[in-house]
Amino acid sequence: MAEAPEKPLQTLETTIQVFPNPTYGPFHITSSETIQKIEIKNMAGKTILTRQNPNSQIKVNLSGLSSGVYLLSVHTGKGVHLRKIFLD
């Protein structure tokens, strides 16, 4: 008797989009899941911005901050998703 083929493992992934990136200040975050909270830190680990806004789209403006790389943490019901933000 032949064995039945295995079914592929199906996982649900969260899609996070950050645009435009690089940015001169304003940018958008969209998610396939509800965003519970975002945090933005500089490369030294200092928290620059925290926002709790249950939504699937958030607009952020980093105008006035120094150019460089920032770390964005997007918290959803499926975990924490990290992205780099390049500020020109």
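**Entry 1: the Lys 78 pair**

I looked up Lys 78 and found that Lys 78 forms a salt bridge with Glu 33, with the closest N and O atoms 3.4 Å apart. The model is a predicted one. I then asked where the two partners lie: Lys 78 is in the loop between strand 4 and strand 5, and Glu 33 is in strand 2, so the pair ties together parts that are 45 residues apart in sequence. I noted that Lys 78 counts as partly exposed, because its relative accessibility is 39%. Glu 33 also counts as partly exposed, at 25% relative accessibility.

**Entry 2: the other salt bridge**

I recorded that the structure holds two salt bridges. In one of them, the side chains of Glu 39 and Lys 37 meet, at 3.9 Å from N to O. Which of these residues is buried, and which is partly exposed? Glu 39 has a relative accessible area of 18%, which is under the 20% limit, so Glu 39 is buried. Lys 37 is partly exposed, with a relative accessible area of 22%.

I turned to strand 4, residues 68–76, and strand 5, residues 79–87, which pair in the antiparallel sense over nine bridges.

His 75 counts as buried, because its relative accessibility is 18%. Leaving aside neighbours within four places in sequence, I listed the contacts of His 75 as Thr 34, Ile 35, Gln 36, Lys 37, Glu 39 and Val 80.

**Entry 3: the nonpolar core**

I looked up the largest nonpolar core and found 15 residues; Phe 27, Ile 29, Ile 38, Val 60 and Leu 72 have the most contacts inside it. Strands 1, 2, 3, 4 and 5 each supply at least two residues of this core. Strand 2 gives the most, with five residues. In general, nonpolar side chains tend to be buried together in soluble globular proteins.

Beyond its neighbours within four places in sequence, the contacts of Ile 38 include Ile 29, Leu 49, Ile 58, Val 60 and Leu 72.

**Entry 4: the whole chain**

I noted zero helices and five strands in the protein chain. Buried residues make up 28% of its 88 residues. The chain exposes about 6,100 Å², of which carbon and sulfur atoms supply 50%.

Terms used: Residues numbered from 1 in each chain as written. Predicted model: local features only at pLDDT ≥ 70, side-chain atom pairs only at ≥ 80, totals over all residues. Heavy atoms only, no water. Pairing = 2+ DSSP bridges. Helix = DSSP H or I, 4+ residues; strand = E, 2+ residues; numbered from the N terminus. Buried < 20%, exposed > 50% of the residue type's maximum accessible area, 1.4 Å probe, protein only. Contact = heavy atoms within 4.5 Å. Core = buried A, V, L, I, M, F, W, Y, C linked by side-chain atoms within 4.5 Å. Areas by Shrake-Rupley, 256 points an atom, 1.4 Å probe, with all protein chains shown as cover. Salt bridge = Lys/Arg side-chain N within 4 Å of Asp/Glu carboxyl O.
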